Amino acid sequence: MSILKIESLCKYYGNKKNETKALDGISLEVQTGEFLGIMGSSGSGKSTLLNCVASVIRPTGGQILVNGTDIRSLKGAELSDYRGRQIGYLFQNFELLENLTGRENILLPLALHKYEEKKGEQKLKELAAYLEIQDVLDKFPTQMSGGQKQRIAIARALATDPKVLLCDEATSALDPTTTASILDLLKDLNQKLGVTVVVITHQMS
Ligand code: ADP
């Protein structure tokens with residue numbers, strides 16, 4: 001079974017007089033363990049697509065199945081579990097909380113989703129070693145480089161063992177060398193950890 005199946009997805013903004021068809025009937029399928037890149041120019045609907053998959057916005061029509069479940073059928077605790085545990089996100093500007101350390105940023109989703117503290121600490125240890133971020137765990141985001149911030153964000157995204165990692169222009173704010181190392185890392189975690197990765201970008205990398 002595919003991990004993500006999108007069928008005839010539409011998202012129209014505005015009203016009849018002033019309508020933007022950001023997505024107009026797109027279909028795609030992502031298999032477990034796949035690494036999918038979606039490219040398109042600015043305004044082509046990439047963020048709209050990810051926001052629909054993340055269930056942040058409601059599609060105008062069509063279906064999104066994650067592991068066979070239509071995400072429109074999810075409500076309350078199930079929806080929160082889907083957003084918080086099954087999908088991981090990586091953003092262009094990292095979206096770290098500035099008043100929390102790297103460690104606290106990574107542990108936050110685990111606390112929100114009521115993971116056992118011991119389990120969380122173990123997960124943090126594993127991810128910190130894998131991502132080589134032990135030295136920055138106690139720093140605040142303002143004390144980190146762009147690449148370090150994105151590694152902390154990757155650890156936060158992976159902390160809940162999501163099925164799919166959605167990356168929205170995740171390297172656009174980084175210099176070419178750091179971009180290459182983050183892309184290598186995404187490929188590695190796809191191949192070694194088996195995380196399904198969907199990357200959207202407006203550039204060839
Ligand atoms: P991309 O991520 O590829 O740059 P977007 O998904 O952000 O594209 O936008 C696709 C189109 O939808 C654009 O024409 C944009 O102006 C429009 N759009 C995006 N969000 C909204 C919104 N909340 N209201 C109205 N139009 C929007």
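**Close-up views of a predicted model**

**View 1. K123 is a residue of helix α4, which spans residues 117-131.** Helices (H or I, at least four residues) and strands (E, at least two) are DSSP runs, numbered from the N terminus. The model shown is predicted, with local features requiring pLDDT of at least 70 and side-chain atom pairs counted only at pLDDT 80 or more, whereas totals for chains, interfaces and linings use all residues. Residues are numbered from 1 along each chain as its sequence is written, and side-chain values use heavy atoms, with hydrogens and water left out. K123 counts as buried at 18% relative accessibility, where buried means under 20% relative accessible area, exposed means over 50%, and partly exposed lies in between (1.4 Å probe, protein chains only). When neighbours within four places in sequence are left aside, K123 is in contact with L158, A159 and D161, contact meaning heavy atoms within 4.5 Å. With D161, K123 forms a salt bridge whose closest N and O atoms are 2.8 Å apart; a salt bridge is a side-chain nitrogen of Lys or Arg within 4 Å of a carboxyl oxygen of Asp or Glu. This pair links distant parts of the chain, since D161 sits in the loop between α5 and β7 and K123 in helix α4, 38 residues apart. D161 is partly exposed, with a relative accessible area of 49%. Salt bridges that share partners join K123, E126 and D161 into one network.

**View 2. Two further salt bridges are shown, K5 with E7 and R85 with D81.** The structure holds eight salt bridges. In the pair formed by the side chains of K5 and E7, the N to O distance is 3.6 Å; K5 counts as partly exposed at 26% relative accessibility, and E7 is likewise partly exposed, with a relative accessible area of 29%. The closest N and O atoms of R85 and D81 are 3.5 Å apart, and both residues lie in helix α2, four residues apart, about one turn of the helix. R85 is partly exposed, with a relative accessible area of 29%, and D81 is partly exposed at 26% relative accessibility. Helix α2 (residues 76-86) has as its buried residues L79, Y82, G84 and Q86, and what covers these includes α1, β4 (61-66), β6 and β7 (164-168).

View 3. Oxygen atoms of the ligand lie 2.7 Å from a polar backbone atom of G43, 3.1 Å from a backbone N or O atom of S44, and 2.9 Å from a polar side-chain atom of K46. Taken alone, the ligand exposes 560 Å², of which the protein buries 57%; accessible areas come from the Shrake-Rupley method with a 1.4 Å probe, and for residues only the protein chains shown count as cover.

**View 4. D70 is placed in strand β5 (residues 69-70).** At 17% relative accessibility, D70 counts as buried. A polar atom of the D70 side chain lies 3.0 Å from the backbone nitrogen of R72; a polar contact is a pair of N or O atoms within 3.5 Å, and within protein one atom must be able to donate a hydrogen and the other to accept it, while residues adjacent in sequence count only if both atoms are side-chain atoms. Apart from neighbours within four places in sequence, D70 is in contact with Q63, I64 and L65.

**View 5. I154 belongs to helix α5 (residues 146-158).** I154 is buried, with a relative accessible area of 0%. With neighbours within four places in sequence set aside, I154 is in contact with L90, L131, I182, L185, L186 and L189. The C-alpha atoms of I154 and L131, 23 residues apart along the chain, are separated by 8.4 Å.

**View 6. F94 has a positive phi of about 70° although it is not a glycine, and phi of E132 is near 55°.** Most residues other than glycine have a negative phi.
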